[in-house]
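Here is a short briefing on selected residues, helices and strands. Please look at the sequence and the structure first.

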Amino acid sequence: MTAVLGLSCYFHDAAAALIVDGQVVAAAEEERFSRVKHDAAFPTQAIRFCLEQAGITSHDLTAVAFYEEPATKLGRVLTSGIAGLPGSASTLTRALGRWGREKLWIESTICRSLGIRPSRVTYVDHHLSHAASSFLASPFSEAATLTIDGVGEWSTATIGQASGSVGGTSPAQMRNELSLDFPHSVGLLYSTMTEYLGFEVNEGEFKVMGMAAYGTPRYRDKLDQVCTVHADGSLTLDMRYFAFHRDEKTSLTPRLVDLLGAPPRDSQRTFGDASDGLTPDDQHYADVAASIQDLCEDIVVAMAHEAHRRSPSANLAYAGGVALNGLANRAILDRTPFQNLYIPPAPGDSGGAMGAALYTYHALIGRPRTYVARTADLGKDYADGIEKTLAEWGVLSQRYDSGETLVEFVADRIAAGDVVGWHQGRFEWGPRALGHRSILADPTRAHMKSTINKKVKFREQFRPFAPAVLADKAERYFSGPLEQGPARFMQFVVPAREGVAEALPAVVHFGTSRVQTVYADQSPRLASLIEAFGSHSGHPVLLNTSFNLKGEPIVASPADTLSTFYRSGLDLLVMGDHVIVKN
């Protein structure tokens, strides 16, 4: 047996992923167990789950792979911190304190926690981990690779090549050929604008995408003054406008605020709904959001063009935090020569744990590829604990022995207007709820968007929701590359066809939707529910959003699920074969 455990931690979204004899048997973010959103701590509970899922102990591990090279990263922290003195003094002191407490000692922490020798620990470059998390989980036998995020050790984006067939006999080959280095970063530029728009960095970037739809990119010329995009897709930031390289509390500078013509948006202030009309202040921030989104798409497309120029493949394997930008993802296929795009379900830092493990297994140990990630259900299955938890909570439920009967009942309730919590099987790997820990509702009801935002999720009213649609029916409703892997992981924003906004108003946002395509052979119960709902409504589509409240991780255990159910405006809860109706 060859078993490799991959780890990421100490920045955000700590995670563990386990490969045994070429198959990913388990992967989970630490936040799902600790209930601390974006938990960065050493992933003790995620590691325990992975080993238990495989039925092995740490002594059975061939290697433990960490998702970056700490010594190189420390060099960047020291170099940039010293260069920014005296203004960076307090930030440098805090950073060195964290390194002294935990990051410098990651090897000893791994060895102590798992009871292994240092010789079994490997380190994989941060952006190589990202590239591996995509290519080595993709169906491609060869591809260009592209990674874009905030910053790894030094790199903020890389372009490379990869080869190695699934089912072949040769080890995979991967190399990064070109890198963009700190402080010039698409991810940090976008995060700076996220802060300006009143959202939390590393949490609110997707809110910027939602806000962008309300605006026009009339500040693009201002952003072009602070960010020069070169022919090869690389960029140069005018660092006079930014503070992230010297101040960890803010990325904003007075110079940038003056350029944009208004103070940063108050995070406590409600952003208006377009149906009511935006105030002038709201419109300013919506236009800034549209401008940074427009610039981001142009940069991503330019980098993808350069990746194709260097590796003229039909295939692109893409990862990094910026790969969560569904609008830019679609632009790659719309505006570049690439015909096929693969983005893993967890393209950000948590996915680096899987990438480090895959790279170690295939490229360093040299084992051939046998795995393709077609589903994201790699988390823990709590089926055995559902009845026990219901009894402990004193909750009455109806158990259905027939899955078909359960699906028909739930479809009836959704068609009648109920909002349903849906807990099935193993929870998802990555930030998207894909039908294992989801909130489901009727997309044909125009009020459903505001109802769920206000009474269920307790979040901003402008936030859109995604449609989950049967894969073989998706083209009836949406145009775009729906057969691509990212669509099954809810990683594409695509245009809705004519009339769809009127038919499915709760899941169309200014003419577009972030679609999830559902396959019956991979998600049979969800597919059956969508089909049953389609019999009622005429539309085999459900509104699908993550099963969590604002500021909390997606639910994992039955106890998490019940707690969220009773603290929200959900009407119905389905856990496994059990249905709980809220009176």
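Serine 155 counts as buried, because its relative accessibility is 12% and buried means under 20% relative accessible area (exposed is over 50%, partly exposed in between; 1.4 Å probe, protein chains only). This is a predicted model: local features need pLDDT of at least 70, side-chain atom pairs count only at pLDDT 80 or more, and totals for chains, interfaces and linings use all residues. Residues are numbered from 1 along each chain as its sequence is written, and side-chain values use heavy atoms, with hydrogens and water left out.

- Serine 155 sits in strand S7. Helices (H or I, at least four residues) and strands (E, at least two) are DSSP runs, numbered from the N terminus.
- Beyond its neighbours within four places in sequence, serine 155 is in contact with His127, Asp149, Ser179, Leu180 and Asp181. Contact means heavy atoms within 4.5 Å.
- Glutamine 161 is also found in S7, which spans residues 155-163. Its relative accessible area is 22%, so glutamine 161 is partly exposed.
- Two side-chain polar contacts involve glutamine 161: one of 2.7 Å with arginine 175, and one of 2.8 Å with serine 311.
- A polar contact is a pair of N or O atoms within 3.5 Å; within protein, one must be able to donate a hydrogen and the other to accept it, and residues adjacent in sequence count only if both atoms are side-chain atoms.
- Outside four places in sequence, glutamine 161 touches several residues, including Ala143, Thr145, Met174 and Arg310.
- Leucine 178 lies in strand S8 (residues 173-181). Leucine 178 is partly exposed, with a relative accessible area of 25%.
- Leaving aside neighbours within four places in sequence, leucine 178 is in contact with Ala157, Thr158, Ile159, Glu306 and Arg310.

- Is strand S15 (residues 437-441) enclosed or open? Five of its five residues are buried, so S15 is largely enclosed by the rest of the structure.
- Both faces of S15 are covered. Arg437, Ile439 and Ala441 are buried on one side, and Ser438 and Leu440 on the other.
- S15 runs antiparallel to strand S14 (residues 420-423), joined by four bridges. Two strands pair if DSSP finds at least two bridges between them.
- Tryptophan 422 has serine 438 in S15 as its bridge partner.
- Four bridges also join S15 to strand S19 (residues 541-546), again antiparallel. There, leucine 440 has asparagine 544 in S19 as its bridge partner.

**Five-stranded sheet**

- An open sheet of five strands has the order S3-S2-S1-S4-S5, with mixed pairing.
- Strand S3 (23-29) and strand S5 (121-123) stand at the edges, each with a single partner strand, so one side of each has no neighbour in the sheet.
- Neighbouring strands of this sheet are turned by 20° against each other on average, direction ignored.
- Strand S2 (residues 15-20) pairs with S3 in the antiparallel sense over six bridges. Leucine 18 stands opposite alanine 26 in S3.
- H13 packs on the sheet and touches strand S1 (3-8), S2, S3, strand S4 (63-66) and S5. The direction of H13 makes about 150° with that of S1.

**Helix packing**

- Helix H6 (residues 126-135) and helix H13 (residues 349-364) pack at an angle of about 80°, with their axes 7 Å apart. That makes H6 roughly perpendicular to H13, a label for angles of 65 to 115 degrees.
- Axes are lines fitted to C-alpha atoms, for helices over the stretch in contact, and angles run from 0 to 180 degrees between N-to-C directions.
- Among the residues that meet are His126, Leu128 and Ser129 in H6, and Asp349, Gly351 and Tyr359 in H13.
- Seven of the eight residues of helix H8 (residues 205-212) are buried, so H8 is largely enclosed by the rest of the structure.
- The buried residues of H8 pack against helix H7 (186-196), helix H11 (280-310) and helix H12 (326-335).
- Helix H20 (residues 558-566) has buried residues Pro558, Asp560, Thr561, Leu562, Thr564 and Phe565.

Technical notes. Parallel < 35°, antiparallel > 145°, perpendicular 65-115°, else oblique.
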